[in-house]
Amino acid sequence: MIETVTPEIVTITQAGGAAELSQPEVYQRVRQNISLNLSFWANIGLAGLSVLLFVYMGRNVKDSRSQLIFVSTLMVPLVSLSSYLGLASGLTISFLEMPAGHALAGEQILTMWGRYLTWALSTPMILLALGLLAGSNLTKLFTIIVMDIGMCVTGLAAALTTSSYGLRWVWYLISCAFFAAVLYILLVEWPKDAEVADTDDIFNVLRNLTVALWFGYPIFWALGSEGFAVLSVATTSWGYSLLDIGAKYVFAFLLLRWVAAHQGIISKTATTGIGTGGRTTVD
Ligand code: RET
């Protein structure tokens, strides 16, 4: 009897349909789903290669501001490696019972909540690197990063809410509102700064890549098993994994290649006050 052997599990289940499977059981389920497992390991391999490549590309970077862009960009595949190991090992995956109203109501759905958690670490690094490239001031940099973290944390809340289907979507909409603030700075504020900093050519390429790919994430969330359940778990996971390849490794490669070749321009774009003895500009 579950009640007598593992009373804590009964409590968890009653409290909102949280995972009943142990970590080894989740791990086994992940391994049985070959496509899902591959979507994790493909990214672990690419993230590992990216780390090595980026360290090599940064070997001659001497300017401190360019080095800061390198370090923050290098964090992206490093976080990714950890994130995907967490998923592949079953550590950051749970089976959650979907509430009434959901297409798979009452079923235990595989939820890759570790993705949302680690996005809160990797996406600020992407934005920090982009902001430094654009010559952003500290206020815009801080604003975009906290809005971005807000987006990831409320996205996590949307995925983990099992009490009410409606409230899952309320969290989703709050996350979209944070996303809108991120987009505003990316599309309206930073292009102007990048023009002044003379980094607008590369900034615009990276901005377009970022905006186009980042839109894919809420779309996959909505279509995947956590939202309308139109796509299978493995397809959703591949969707995120492919978006990650573009939004992280391709993005980082293009950025670092440019920065390594244009350190002189980067060293002149010191408008944030970071590493410049607190020097700031008034817009
Ligand atoms: C969620 C669901 C809720 C609504 C919105 C979302 C946006 C997620 C984004 C993620 C970007 C992730 C990246 C990761 C790289 O490591 C949380 C899916 C708006 C934009 C680029």
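**Note on the ligand site, cavities and loops**

1. Start with the site's main supplier. H6 contributes five residues to the lining of the largest cavity, the largest share. Helices (H or I, at least four residues) and strands (E, at least two) are DSSP runs, numbered from the N terminus. A cavity is found on a 1 Å grid over the protein atoms alone, as a set of points where a 1.4 Å probe fits but cannot get out; lining residues have an atom within 4 Å of a point.

2. Some ground rules. This is a predicted model, in which local features need pLDDT of at least 70 and side-chain atom pairs count only at pLDDT 80 or more, while totals for chains, interfaces and linings use all residues. Residues are numbered from 1 along each chain as its sequence is written, and side-chain values use heavy atoms, with hydrogens and water left out.

3. The largest cavity has a volume of about 330 Å³. A volume here is the space filled by probe spheres set on the grid points, which are joined across faces, edges and corners. The lining is made up of 20 residues, and Trp-119, Met-151, Trp-214, Tyr-217 and Pro-218 lie nearest the centre. At least two lining residues come from each of H6, H7, H8, H9 and H10.

4. By class, that lining holds 14 nonpolar, four polar and two charged residues. Ala, Val, Leu, Ile, Met, Phe, Trp, Tyr, Cys and Pro count as nonpolar; Asp, Glu, Lys and Arg count as charged; the others, Gly among them, count as polar.

5. What takes up the space of the largest cavity? The ligand does. A molecule sits in a cavity or pocket if more than half of its atoms lie within 2 Å of the grid points.

6. The ligand has 15 residues around it, and Ser-122, Thr-123, Ser-175, Trp-214 and Lys-248 come nearest. A residue counts as near if one of its heavy atoms lies within 4 Å. The protein covers 100% of the 540 Å² of accessible area that the ligand has on its own. Areas are from the Shrake-Rupley method with a 1.4 Å probe.

7. Two contacts deserve a look. An N or O atom in the Ser-122 side chain is 2.8 Å from a ligand oxygen atom. A polar side-chain atom of Lys-248 lies 3.2 Å from an oxygen atom of the ligand.

8. The shell around the ligand draws at least two residues from each of H6 (113-134), H7 (138-160), H8 (165-197), H9 (200-223) and H10 (233-261). Its classes are nine nonpolar, four polar and two charged.

9. How many cavities of 30 Å³ or more are there? The count is two.

10. Of its 13 lining residues, Asn-33, Phe-95, Ile-109, Leu-110 and Val-233 are closest to the centre. A pocket is an open set of grid points with protein on both sides within 12 Å along at least five of seven lines. Strand S2 (residues 108-111) gives the most to this lining, with three residues. By class there are eight nonpolar, four polar and one charged.

11. Check two loop residues. Most residues other than glycine have a negative phi. Asp-198 has a positive phi near 65° and is in the loop between H8 and H9. Ala-229, also not a glycine, has a positive phi of about 60°; Ala-229 is placed in the loop between H9 and H10.

Methods
Polar contact = N/O pair within 3.5 Å; in protein donor to acceptor, adjacent residues only side chain to side chain.
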